[in-house]
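Reader: Hi! Could you walk me through this one before I set anything up?
Author: Happy to, let's look at it together.

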Amino acid sequence: RKVLARRLDMCSFFEAGLPTLFACTRRIYLAHSSACKNLKALSAKPMFQQCRSIKVQLPKKGSSIALLVDGDSCGTAQIDAALKALRCNGNVVMKTVFAEPGRDTNKRWSNFMQTNRISFRAVPRAGEEDPTDSAMQEEAKQLAASTSIENIALLTCDSDFVDVVKHTLKSGKQPIVILPRTMHRTAKLYEETNAQVVCLDPAAMGHKTASTVIAYLHADGTGSIGPMKDFRRCDNVEMLSKTLMALDYFKPLRHNS
């Protein structure tokens, strides 16, 4: 009798629960199918259009370049990779790192700057919210009025220099913004100003991998974290962003001019 009662309870459960289960499954399937159609198209398109190849976007050979480095967010490996990229097509006549006072006394930084003949600009930490950005912006505006510099390159990891890039373009100079390749949305903001954007490969900066773990969202609403093994990288980030926005996973980044 107990077995029969359990079977009757199971029958009642399926009779009441199956329609709801089928409805939920259908919604998940439709959302998944829509996402898969968009993701399937990713492999047919070139890698993130806002990060074009260095050969296409760097200035003509022999042109003079001034490189300004945001030392608060960029390390020596990024600076080294940026210099190698710029030297392929231009003559880097000026290299300046902007950072907090005392950075030049650090042995590793001191040796690196001496080897690469990089000047250091100490930026006091009092008063302003982001003094390094302000100092770089002021220097870029002065260089925009210089007749000896043809291109102004900015090595940064944020979008705080959009207005400076616009000012540089109006002055007749060609701005070059250098970013890590993973900062796709920030790169897009700069390219919308018609600036040249160079995206540095993590491998060029000595980074073996960007991530070692991956988070999974399962159909039942639960999640889990596991080691990253054979996860396929999505190259067309713009298409992926639109797909995630359509599914209401995140909102687009906007810059306030």
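Author: Let's start with helix 5, where Pro131, Thr132, Asp133, Met136, Glu139, Ala140, Leu143 and Ala144 are buried. Keep in mind that this is a predicted model.

Reader: Thanks! What covers the buried residues of helix 5?
Author: The cover includes strand 1, strand 2, strand 3 (119–122), strand 4 and helix 6 (162–170).

Reader: And how far apart are the end C-alpha atoms of helix 5?
Author: They are 20 Å apart.

Reader: Let me zoom out. How many helices and strands does the protein chain have?
Author: There are 8 helices and 8 strands. The chain has 257 residues, and 38% of them count as buried.

Reader: What about the surface of the protein chain?
Author: Its accessible surface is about 16,000 Å², and carbon and sulfur atoms hold 54% of that.

Reader: And what share of the contacts comes from residues 24 or more positions apart?
Author: Taking contacts with a separation of 6 or more, 64% are between residues 24 or more positions apart.

Reader: OK, on to the inside. Which residues of the largest nonpolar core touch the most other members?
Author: Those are Leu67, Ile79, Leu86, Val97, Leu155 and Ile178, in a core of 24 residues. At least two core residues come from each of strand 1 (63–70), helix 3 (76–87), strand 2 (90–99), helix 4 (107–115), strand 4 (151–155), strand 5 (174–180) and strand 6 (196–200). Helix 3 gives the largest share, with 6 residues.

Reader: Which residues is Ile79 in contact with, leaving aside neighbours within four places in sequence?
Author: Val69, Val97, Trp109, Phe112, Ile118 and Leu155. There is also a second, separate core of 22 residues, with Val123, Val164, Val177 and Val197 among them.

Reader: Trp109 and Phe112 were on that list for Ile79. Which residues of helix 3 and helix 4 meet?
Author: On the helix 3 side there are Thr76, Ile79 and Asp80, and they meet Arg108, Trp109 and Phe112 of helix 4.

Reader: How do the axes of helix 3 and helix 4 cross?
Author: At roughly 10°, and they come within 11 Å. Angles under 35 degrees count as roughly parallel, so that is how helix 3 and helix 4 run relative to each other.

Reader: Switching to backbone angles: which way does phi of Arg117 go, positive or negative?
Author: Positive, near 55°, in a residue other than glycine. Most residues other than glycine have a negative phi. Arg117 lies in the loop between helix 4 and strand 3, and Arg117 is exposed, with a relative accessible area of 73%.

Reader: And what is phi of Asn194?
Author: Near 75°, again a positive value in a residue other than glycine. Asn194 belongs to the loop between helix 7 (184–191) and strand 6.

Reader: Is Asn194 buried or exposed?
Author: Asn194 counts as exposed, at 62% relative accessibility.

Methods: Residues numbered from 1 in each chain as written. Predicted model: local features only at pLDDT ≥ 70, side-chain atom pairs only at ≥ 80, totals over all residues. Heavy atoms only, no water. Helix = DSSP H or I, 4+ residues; strand = E, 2+ residues; numbered from the N terminus. Buried < 20%, exposed > 50% of the residue type's maximum accessible area, 1.4 Å probe, protein only. Contact = heavy atoms within 4.5 Å. Areas by Shrake-Rupley, 256 points an atom, 1.4 Å probe, with all protein chains shown as cover. Core = buried A, V, L, I, M, F, W, Y, C linked by side-chain atoms within 4.5 Å. Expected span 1.5 Å × (residues − 1). Axes fitted to C-alpha atoms, helices over the stretch in contact; angles between N-to-C directions. Parallel < 35°, antiparallel > 145°, perpendicular 65-115°, else oblique.
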